[in-house]
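Some notes on this model, point by point. Please read them with the coordinates open.

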Amino acid sequence: MVTATKLEYINRVIDECLSEDGEALELNGKFIGDEGVEALVSTNRNFDVENLDLSKNKLTWRGAHQLFHSQQFKSLKRLYLGDNNISDKGIKALPNANFLENLSLLDLRYNNIGEEGAMAVVQCEKLRKLQILIFQENPVKDETLIELAKAPTFANLRKLNFYRTDRKS
């Protein structure tokens, strides 16, 4: 439940971290956690941000579900979720997000996403504009990379980071 105090706090953080042109919301390292994301998506503010950085915020699957089921961020082009703990359970909700069709960058590094979660991303047909995908330091395997290479959805992919995953080769 989002209290008035939490909404007041997240609005102060937003005011601090929103770029002057309103296109970037840089919340990286603010440690807002799942409750902060819940408050963020519950604000009555109309966001027109293209960049959303939620890296290093101690997010789990709960925060990911809040974000991915939100009606906010329809103009989003770049989403940074690195250094959290979203896991398979959280990332499996990604295909429900309303902002995927314009997304060009998705950073999922260091999120404890395994094969099951990675396959949910690979099988998501809304990511046609994605140009950069970062899976670094997640326990994904060769099968993810093979399926990604076969998927016509990722024809625009220009950069793929699988550094230090559980691939064999």
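1. Phe 47 is buried, at a relative accessible area of 6%. Buried here means under 20% relative accessible area, exposed over 50%, and partly exposed in between, with a 1.4 Å probe and protein chains only. Phe 73 is buried too, at 1%.

2. A word on provenance. The model is predicted: local features need pLDDT of at least 70, side-chain atom pairs count only at pLDDT 80 or more, and totals for chains, interfaces and linings use all residues. Residues are numbered from 1 along each chain as its sequence is written, and side-chain values use heavy atoms, with hydrogens and water left out.

3. How many aromatic pairs does the structure hold? Two. Rings of Phe, Tyr and Trp (its six-membered ring) pair if their centres lie within 6.5 Å; planes under 30 degrees apart count as stacked, over 60 as edge-to-face, the rest as tilted. The ring centres of Phe 47 and Phe 73 are 5.1 Å apart and the planes are at 20°, so this pair is stacked. Phe 47 sits in the loop between α2 and β2, and Phe 73 in the loop between α3 and β3; the two are 26 residues apart and link distant parts of the chain. Helices (H or I, at least four residues) and strands (E, at least two) are DSSP runs, numbered from the N terminus.

4. The other rings to check are Phe 135 and Phe 162. Their centres are 5.5 Å apart and their planes at 65°, so the pair is edge-to-face. Phe 135 is in the loop between β5 and α6, and Phe 162 in the segment after β6, so the pair ties together parts 27 residues apart in sequence. Phe 135 and Phe 162 are both buried.

5. Trp 61 has a charge over its face: Lys 89, at 3.8 Å from the ring centre. The criterion is NZ of Lys or CZ of Arg within 6 Å of the ring centre and within 35 degrees of the ring normal.

6. Now the sheet. Six strands form an open sheet in the order β1-β2-β3-β4-β5-β6, with parallel pairing. At the edges are β1 (24–26) and β6 (159–161), each pairing on one side only. Strands pair if DSSP finds at least two bridges between them. Strand β2 (residues 51–53) and strand β3 (residues 78–80) run parallel and are joined by three bridges. Leu 52 stands opposite Leu 79 in β3.

7. Helix α2 (residues 33–42) has seven of its 10 residues buried, so it is largely enclosed by the rest of the structure. Among the buried residues are Val 37, Leu 40 and Val 41. Their cover includes α1 (4–17), β1 and α3 (61–68).

8. How do α2 and α3 pack, and at what angle? At about 10°, with axes 8 Å apart. Axes are lines fitted to C-alpha atoms, for helices over the stretch in contact, and angles run from 0 to 180 degrees between N-to-C directions. The two helices are therefore roughly parallel (angles under 35 degrees). Asp 34, Val 37, Glu 38 and Val 41 in α2 meet Arg 62, Gly 63, Gln 66 and Leu 67 in α3; contact means heavy atoms within 4.5 Å.

9. Helix α5 (residues 115–122) is mostly covered, with six of its eight residues buried. These pack against α4 (87–91), β4 (105–107), β5 (132–134) and α6 (142–150).

Terms used
Parallel < 35°, antiparallel > 145°, perpendicular 65-115°, else oblique.
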